[in-house]
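Here is a friendly walk through one protein chain, in questions and answers.

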Amino acid sequence: MKKIGTIIESARRIMPKKVFNEFLTELDVAENLEASPAGAVLTGMYILEFVGFPRYIDELLGEDHTSIEQLRNRYHDRHSDEGPMTPSSGIILSLMVADMIARPRNITPAYKFEEMAVKWRTGPLLGIEPSYLNDDRIGRVMSAIGENTKNYEEILINMIMDAGLKAGVPLSSFILDTTILELDGKFKDASKVVPGRGTNSFSQLMVSLIVGSGSR
């Protein structure tokens with residue numbers, strides 16, 4: 001609401017009074033926000049691909065990785081009779097993580113991903129045919145990656161190394177340690193509280209400690 005107030009105040013300063021008054025009469029408050037998070041989901045997918053998240057998952061599962069570029073090229077290839085390419089497990093899990101990034105307070109359940117993918121236009125934007133995102137396939141992918149908890153550690157280490165090399169960040173310069181605090185009572189209503197994992201999955205705070213080389 002503060003941002004809306006700032007916009008209105010800026011409009012008042014630059015608009016003629018008559019135009020500004022007409023502008024005010026057209027404003028209304030929506031009870032429900034229906035804006036699509038497709039742009040944020042798309043951005044999340046490309047960030048995850050940049051840090052190698054889907055590729056490292058596919059390597060762990062012994063699958064051939066399908067990049068977003070490959071999926072999109074096949075989807076838009078009018079001369080292909082083979083139809084859309086099947087997304088790899090890494091791509092499917094990346095879409096789920098991108099949803100968490102884009103909509104942290106309203107995460108899409110697995111059984112609704114096919115429906116939401118239609119709204120997000122994953123076909124033309126990412127080359128992912130929504131019909132490939134049924135809850136059975138998502139469940140199999142999650143079970144495969146979750147069989148060994150060491151998988152998460154290996155993926156995280158590989159992502160850190162990959163991102164460090166791509167961004168030119170010397171990993172010997174700092175140490176990052178992150179933990180999750182589960183909150184209760186009045187703390188649950190704090191603005192920084194986000195959904196996560198564990199017993200109290202929707203009332204968590206992520207805390208990170210960064211130790212820099214040469215610092216105190």
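Q: At what angle do helices H6 and H9 pack, and how is that arrangement classed: roughly parallel or roughly perpendicular?
A: A word first: this is a predicted model. Helix H6 covers residues 89-102 and helix H9 covers residues 135-146, and their axes lie 10 Å apart. The packing angle is about 100°. Angles of 65 to 115 degrees count as roughly perpendicular, so H6 against H9 is roughly perpendicular.

Q: Which residues of H9 does H6 meet, and how many residues in the contact are nonpolar?
A: From H6, the residues taking part are Ser 89, Ile 92, Leu 93 and Met 96. On the H9 side they meet Arg 137, Ile 138, Val 141, Met 142 and Ile 145. By class, the contact has 1 charged residue, 1 polar residue and, to end on the number asked for, 7 nonpolar residues.

Q: What is the relative accessibility of Asp 99, and which residues does Asp 99 touch?
A: Asp 99 is placed in helix H6. Its relative accessibility is 0%, and it therefore counts as buried. Not counting residues up to four places away in sequence, Asp 99 touches Val 41, Pro 104, Ile 107, Thr 108, Phe 113 and Trp 120.

Q: How many aromatic pairs does the structure hold, and what is the geometry of Phe 113 and Trp 120?
A: The structure holds 1 aromatic pair. Both Phe 113 and Trp 120 are buried. Their ring centres are 5.8 Å apart and their planes stand at 85°. Planes over 60 degrees apart count as edge-to-face, so the pair of Phe 113 and Trp 120 is edge-to-face.

Q: Where is Arg 121, and what is its phi?
A: Arg 121 is found in the loop between helix H7 (113-120) and helix H8 (122-126). Arg 121 is a residue other than glycine, yet its phi is positive, near 55°.

Q: Which residues of H4 are buried, and what covers them?
A: The buried residues of H4 are Phe 53, Pro 54, Tyr 56, Ile 57 and Asp 58. Their cover includes helix H3 (38-50), H6, H9 and helix H10 (150-167).

Q: How far is the charged end of Arg 55 from the centre of the ring of Tyr 56?
A: Tyr 56 is among the buried residues of H4. The charged end of Arg 55 sits over the ring of Tyr 56, and its distance from the ring centre is 4.7 Å.

Q: Where does His 65 lie, and which residues is His 65 in contact with?
A: His 65 lies in the loop between helix H4 (53-61) and helix H5 (68-75). At 25% relative accessibility, His 65 counts as partly exposed. Leaving aside neighbours within four places in sequence, His 65 is in contact with Glu 49, Pro 54, Arg 55, Asp 58, Gln 70, Ser 88 and Ile 91.

Q: Where is Ala 190, and what separates its C-alpha from that of Leu 205?
A: Ala 190 is found in the loop between strand S1 (174-182) and strand S2 (204-212). Its relative accessibility of 36% makes it count as partly exposed. Ala 190 and Leu 205 are 15 residues apart along the chain, and their C-alpha separation is 9.4 Å.

Q: How many helices and strands does the chain have, and what pattern does it follow?
A: The secondary structure comes to 10 helices and 2 strands. Read along the sequence, the pattern is α-α-α-α-α-α-α-α-α-α-β-β.

Definitions and conventions: Residues numbered from 1 in each chain as written. Predicted model: local features only at pLDDT ≥ 70, side-chain atom pairs only at ≥ 80, totals over all residues. Heavy atoms only, no water. Axes fitted to C-alpha atoms, helices over the stretch in contact; angles between N-to-C directions. Helix = DSSP H or I, 4+ residues; strand = E, 2+ residues; numbered from the N terminus. Parallel < 35°, antiparallel > 145°, perpendicular 65-115°, else oblique. Contact = heavy atoms within 4.5 Å. Nonpolar A, V, L, I, M, F, W, Y, C, P; charged D, E, K, R; others polar. Phe/Tyr/Trp six-rings, centres within 6.5 Å; stacked < 30°, edge-to-face > 60°. Buried < 20%, exposed > 50% of the residue type's maximum accessible area, 1.4 Å probe, protein only. Lys NZ or Arg CZ within 6 Å of the ring centre and 35° of its normal.
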